[in-house]
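Hello,

Here is the structure I said I would pass on. My notes follow below it.

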Amino acid sequence: MSKYILKRLLLSIITIWAIITITFVLMNAIPGNPFANENRKIPENIYENLMKKYGLDKPKTEQYITYLKNIAKFDFGKSMRSDTETVNEMISRGFPVSAVLGFEALLISLIFGPTLGVIAALYRNKAPDYISMIISIIGVSVPGFLMGTFLIQFVATKFDCIPIGGWGGFRHTILPSITLAMMPLAQISRLMRSGMLEVLNQDYLKTARSKGLAGSVIIMKHAVRNAILPIVSILGTTISNLLTGSFVIEKIFGIPGIGMFFINSVFNRDYTLIMGVTVFYSIVLIITMLLVDIAYTLIDPRIRLTKGGH
Amino acid sequence: MKKRLVLFTGILLILTMIVTGCFSPTVKAGDENAGSTKKKILRANNGSEPGSLDPALAQGTHESWVLENVFEGLMTFDENGKLVEGMAESYEVSEDGTTYIFILRNGITWTNGDPITAEDFEYSWKRALAPETAGNYASILYYIRGAKSYNAGEGSADDVLVTALDKKTLEVTLETPIAYFLELTAFYTYFPVNKNVAEKNPNWAKDPATYVSNGPFKLVEWKHNDKIVLEKNKNYYNARKIKLDGIDLDILEDQNTAWQKYRGGEYDLLVDVPASVINQLKQESNPELEIGLQIGTYYYNINPNVQPFNNPKVRKGLSIAIDRKTIVEQVTQGGQIPAVGIIPPGMEDENGDDFRKSVGDLIKYDTEEAKKLFDEGLAEEGMTIEKFNDSNFVILYNTAESQKKIAQAIQEMWRELFGIKIGLENVDFQTKLNREQSGDYQVSRSGWMVDFMDPVAFLDLWCSDSAFNDAKYNNPKYDELIKEAKSTNDQNVRMAAMKEAEIILMEAMPIIPIYFYTQPYTVKSNVSGIFKVPIRYPVITYADLNE
């Protein structure tokens, strides 16, 4: 196992290096610069001062090497749009906020997603199935900004205990985490349903039934355990997406997370921030993927991480 | 069994969420002030996170709204919106209008107790100009002699002619006499910073704990991307005029959520009101809505290097074919004013009259004349409608629903009248700026807002040597007039030159003005003392909350 993890870590470093290189090339290829302003244009010599201040006057290869060196030290540099915070400070301030929301959303989708899926499969083509189907379709097809606006309009403005937006306590997380959970919840419930339907027709379930096992035992021990595998495989990306925030939801609810950095940094051509959040996201993704692979072996003993690693 | 357990825990969790959410002892932001303390706190939304609260590095309204409340320049705006002495007690101007002597007030102090001196001003302006500071807005200091060359790395700080003659006296020498210099000293890049503090701690402006300012309020809390809290500065020389105990500014980017918060009573004032809401409030003549004046013009650039747009008749025809009244009433719906020239209303001429009014309407909607001009112009260029339509011309705009709607309306107006086909292309604003600069467009949407109240702030843009002249307008006569307007402070001469320049410009129509910006905002009925100075966000410094 440890040998396997070590190999994966080495591979991760190569992956991150490739991501940095591609990001560097791409962000330099798009037109624009970090100092452009929509309503006001800046004179040439001020532009030059700014380029110099942020080291953008240096040749691209030199900039690239500087990036690599600094990232190796986990120093993402100064944001080109904020004189107040460094990229490291922005990430370490925003990530915990996004992660709290993401964690709540994950919890909601992991509790309700499989439950809905199982119910749908057990009552196939009956009312519960249709209800769960409707919820899933809403979850997948209603975009976050609509769901968020709807919840603000019809929940937050009606109940004093639920704030309209902002960040403060648990109350502030309720609506955004529900909004955030809708999509993964729907995906999980659909996957669970189809997984269950497939498993329910398997011979070993008939065997279990004929052995006279109780219905709930069959479902929980034999069916769910097998049907849940596809969900585990999408969990890696789901978890890292949830933890790193959502631009739309953070904007609508006024949440100071890192989700908005992903879009705003590109929009502003804030090169250091683009690089910072991209690398950060990659790291989160790589770690969750690794954890998911390990989780696989725990759920399904047939899966081995290494050849002959019995 | 286990399924039930899962269901049970799920329901339990939701219940906990609701219960803790609803019965937790925390109170809503709005109620905090309703307690026994009865503090007067104005609550509003700042929109976006400020990039910096250092006056030398600030670059837009998200910074300036805070800065204007925590700092004060040599001159300032009083509770009636009049430009009056601020940190300066008095000033003198030399006869040729290039040298200013400011005498500071007695007993003025920084929020940390240090006295405010003329040296602070000298230091601050030179600091804002230093190339290594790389201030985004340093160009607004270029009126001071030696400022531009220092900022460009060619001169030295000693050559910048701003000098503290003694602790209380500041001497400033300008490159040329400019009529609006006093107003500039109220602009945030001209705000002083505490020399001792800034020299000792370059990071002073990043943390409220080390933040030192000199204005009516002081910064006490700054939660990034969340909120900014200001508290009344009791040491401010004019503190008796400040009725508020503090200002709470949210940092909430979403317009609609902010509107919901305003409606729900969580804000006393909302500046960035969604367009659909403005329209609705206007229809019901809601007394909370104010349409503030804003000095800015929304226009289309026309590329003169593309046939047939090189022909003035074509450009003029396109311009007067636009029904601007319909655009502001049906499309933008934010209370904008149809453009009748390039200079918006609100600026004064030599007699104190409105510059716009005294020049008169230079653009009149006239479809008949438009058709005639356009067809003539097209024929002069040896083009036909078919050839025009085959050229795949587009209106270039930055991706935003509002821009798209305007472009669609204009596209349709042109199609209907001239029978021309012109496409729409949206790109992000960075790409648009890039393509405008390189001349890779036919028609592109643009806009301009000014930092001081003088028509030259607009007209300067279309001088042939202007870096921002994307329409590549080039007319020596026009250049001459603007040069004249910039070289004297004789208002009669200046205004006459600028009036003529605007007429010439609108005759050639290198750009098509569409509408003049406005700044709608809503204020709750119990709030008084908020007003609009044209080039600023609504002034909240003198606001009061009534029972």
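Which residue of β9(B) is the bridge partner of Phe217(B)? The partner is Lys232(B). This is a predicted model, in which local features need pLDDT of at least 70 and side-chain atom pairs count only at pLDDT 80 or more, while totals for chains, interfaces and linings use all residues. Residues are numbered from 1 along each chain as its sequence is written, and chains are lettered from A and ligands numbered from 1 in the order in which they are written.

Sheet in chain B. Helices (H or I, at least four residues) and strands (E, at least two) are DSSP runs numbered from the N terminus. β8(B) pairs with β9 (residues 227-232) of chain B in the antiparallel sense over 6 bridges; strands count as paired if DSSP finds at least two bridges between them. Both belong to an open sheet of 4 strands with mixed pairing, in the order β1-β10-β9-β8. Its edge strands, β1 (41-45) and β8 (217-223) of chain B, each pair on one side only.

Helix α4 in chain A. The 36 residues of α4 (residues 87-122) should span 52 Å at 1.5 Å a residue, and the end C-alpha atoms are 50 Å apart, which agrees. The expected span is 1.5 Å times one less than the number of residues.

Contact between the chains. Chain A gives 51 residues and chain B gives 51 residues, where contact means C-beta atoms, placed from the backbone, within 7 Å. On the chain A side, α2(A) supplies the largest share, 6 residues.

Regards

Conventions:
Two residues are in contact if their C-beta atoms, placed from the backbone, lie within 7 Å.
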